[in-house]
Amino acid sequence: MNDELEVVADADRFLREVRLARGRAESTTKAYAEGLSLFLRWCDRTGRDWRTAARDMGLFMLWLRWTPGNGGQQQVVVPGPGAKPVRGDTRINKVLTAVRMFLVYAVVNKVAPAWVIEQIYELGDDRDLPMAARGESGGMRYRLRARHRLQEPETAIDRASDEEVVAMFLACRSARDRLVMLLLSRVGLRPGQTAGLHRCDAHMLMDSRSLGCDVEGAHLHVIRRQNINGAWSKSKKSWVMPVDFLVVQAFDQYALERHEVLGAGGSDFVLVNLFRPPFGSPMTTEAIGELCESLSRRAGLGRRVGPRMCRHAMASNVVDAGGKWDEVQALLGQKNPASPQPYLHPKPSRLREAVERVPSPRLPLGGDVQ
């Protein structure tokens with residue numbers, strides 16, 4: 001939409017393609033829509049045609065950094081020493097990504113001129129890529145590289161320590177909240193995957209053939225589907241996640257708690273509202289984040305431990321216990337073998353043991369170090 005709240009037909013068709021044809025998450029489509037709204041608003045206010053505005057993308061970046069949104073009182077660009085930017089580098093890059101995808105869509109569909117591609121991309125080669133990302137042929141390959149991209153500060157996500165996870169677990173006031181904590185920190189599910197679990201996905205028996213499932217042992221089926229609570233699995237593939245006896249016991253205790261409140265009613269989702277209306281409706285992804293924030297505060301941790309930190313803790317603990325990278329990749333439901341890298345936070349004790357395993361150099365009798 002533009003400033004007049006009029007639907008821009010080409011942008012609307014692009015967003016429908018992203019959501020329906022490309023199968024992107026609703027949250028991703030919403031983020032693209034917000035980015036396009038800023039781009040169209042800038043074009044409208046500066047008298048530019050969005051089809052050819054790519055030649056002034058640098059000015060758009062300046063506008064993004066300093067111009068408040070509709071909720072701000074100030075509607076002009078006011079850069080200057082000491083002024084706090086309205087949007088950071090990470091946010092600007094996300095907006096630019098949405099705009100680039102939209103403009104490519106417009107060129108492909110003959111809505112925007114072909115030269116727009118040259119304004120937003122430059123021809124580059126793969127020499128600046130890591131070896132793992134290059135082709136197997138050994139020759140140099142060319143690729144399109146975004147012309148407008150800010151250097152984002154590196155912000156590594158820390159893992160939740162075992163002590164923090166235990167403190168949050170003990171701060172839980174219900175069996176449902178304890179199950180949520182285990183699904184995040186012991187199973188390693190994302191919030192969307194946790195909130196999107198259906199009761200038919202949980203097979204807590206040692207033998208599930210009576211349920212039509214040949215997978216041995218207790219496990220969860222993590223499936224990407226359209227859910228009424230907006231929960232969405234980031235991974236496109238479905239996979240089976242084995243669970244241990246702690247998770248099985250948590251499921252049993254939660255089943256009893258849920259039956260006391262709802263009986264045989266409630267939705268087909270595993271995690272539902274039990275303590276406030278609407279009773280029996282599925283928990284949302286946002287509610288799981290709010291629960292983690294509340295537990296962090298209740299446990300007196302001094303910092304907010306989020307769901308992603310719990311997922312990092314699970315992956316790190318698997319490696320610390322002797323797990324291999326391919327095992328971590330499979331347990332996290334990841335496609336790329338390099339994807340587990342950001343999730344691994346080795347214990348300091350394991351790093352020290354690695355150093356101590358290196359043998360000391362031996363001196364020859366009566367000689368000096370060469």
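A: Let's start with some rings: Phe14, Trp50, Phe102 and Tyr105 form one aromatic cluster. Here rings of Phe, Tyr and Trp (its six-membered ring) pair if their centres lie within 6.5 Å; planes under 30 degrees apart count as stacked, over 60 as edge-to-face and the rest as tilted.

Q: Okay, and what kind of model is this?

A: This is a predicted model, where local features need pLDDT of at least 70, side-chain atom pairs count only at pLDDT 80 or more, and totals for chains, interfaces and linings use all residues. Residues are numbered from 1 along each chain as its sequence is written, and side-chain values use heavy atoms, leaving out hydrogens and water.

Q: How many aromatic pairs are there by this rule?

A: Seven aromatic pairs. In one of them, Phe14 and Tyr105 are tilted, at 5.5 Å centre to centre with 55 degrees between the planes. Phe14 is in helix H1 and Tyr105 in helix H4, 91 residues apart. (Helices, H or I with at least four residues, and strands, E with at least two, are DSSP runs numbered from the N terminus.)

Q: Are Phe14 and Tyr105 buried or exposed?

A: Both are buried, meaning under 20% relative accessible area, while exposed is over 50% and partly exposed is in between (1.4 Å probe, protein chains only).

Q: What about Phe39 and Phe60, what sort of pair do they form?

A: Phe39 and Phe60 are edge-to-face, 5.4 Å centre to centre, with 75 degrees between the planes. Phe39 lies in helix H2 and Phe60 in helix H3, so the pair ties together parts that are 21 residues apart in sequence.

Q: New topic! Where is Ala53?

A: Ala53 sits in the loop between helix H2 (26–46) and helix H3 (57–66). Ala53 is buried, with a relative accessible area of 2%.

Q: Which residues is Ala53 in contact with, leaving aside its neighbours within four places in sequence?

A: With those set aside, Ala53 is in contact with Phe39, Trp42, Cys43 and Arg48. Contact means heavy atoms within 4.5 Å.

Q: And how many residues are in the largest nonpolar core?

A: The largest nonpolar core has 53 residues, and Leu183, Leu220 and Phe251 have the most contacts inside it. Such a core is a set of buried Ala, Val, Leu, Ile, Met, Phe, Trp, Tyr and Cys residues joined through side-chain atoms within 4.5 Å. Helix H7 gives the most to this core, with seven residues.
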